[in-house]
Amino acid sequence: MSNVSTATFWPLGGTVSKTGIALIIIDMQIDFCAAGGWVDQLGEDVSNTRSVIGPIAEALAAARAAGLTVIHTREGHHPDLSDLNANKQWRTRRHGLGIGDMGKTGRILVRGEPGWQIIPELTPIDGEIVIDKPGKSSFHRTDLAEQLERLGISRLVVTGVTSDCCVQSTIRDGFEHGIECVLLEDCTAAVETRNHEATLEILRAFGGRWGGVADRTAFAAMLETADD
């Protein structure tokens, strides 16, 4: 039964069932969120991406307690880089250390390397879905859309990093697939604060052109009133 909490969180309306909702946690990997990872090796500050670990863990605990489907993503490429196009590799190398290059935590964003792993604080548990993606969007060259359809999921609660790159790409593609997405603004971050703030402003424009923006308090309230 719809009520104020669910209708505010999911303005599209209709029946809001927990079985039709998934929490997706995007790219909370060593290379993006830990000292010694790729971002850190580029000389950039990981304090922003690390600052959302606690809030995401809180949202994750709420999702697990409510029995939601939980999806984790990892950006990475095959060791032979057969799924890495030259354009993407060249653009990452402009920062000084590109995808596939050897870094302090193994080859950058290559599957199986230490830096590619999800951070220990948010390790998936048995039964949770892990999507390995070679692109920014979680839908690009993955079976995410098919898995959502098979499970009857039409709503995504979006968290993870970075807000100005893989997170917003996923929300935009989710919209194109007919998925209603809501970003938890206190569970996402970018390396650069100004980029994060600009992304949120874009996503909020016109009432949410591709989806909604809420926070984990509203998420918890929605779960309290959603149908089982």
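Student: What makes you say that both faces of strand 1 are covered?

Tutor: In this predicted model, where local features need pLDDT of at least 70, side-chain atom pairs count only at pLDDT 80 or more, and totals for chains, interfaces and linings use all residues, Ile21, Leu23 and Ile25 on one side and Ala22, Ile24 and Ile26 on the other are all buried. Buried means under 20% relative accessible area, exposed over 50%, and partly exposed in between, with a 1.4 Å probe and protein chains only. Residues are numbered from 1 along each chain as its sequence is written, and side-chain values use heavy atoms, leaving out hydrogens and water.

Student: How do you know that strand 1 pairs with strand 2?

Tutor: Strands are DSSP runs of E with at least two residues, helices are runs of H or I with at least four, and both are numbered from the N terminus. Two strands pair if DSSP finds at least two bridges between them, and strand 1 is joined to strand 2 (residues 69-75) by five bridges in the parallel sense, with Leu23 opposite Val70.

Student: Why is Asp31 called buried?

Tutor: Its relative accessibility is 0%, so Asp31 counts as buried.

Student: What makes the link between the side chains of Asp31 and Thr105 a polar contact?

Tutor: The term requires a pair of N or O atoms within 3.5 Å; within protein, one must be able to donate a hydrogen and the other to accept it, and residues adjacent in sequence count only if both atoms are side-chain atoms. The side chains of Asp31 and Thr105 make such a contact at 3.3 Å.
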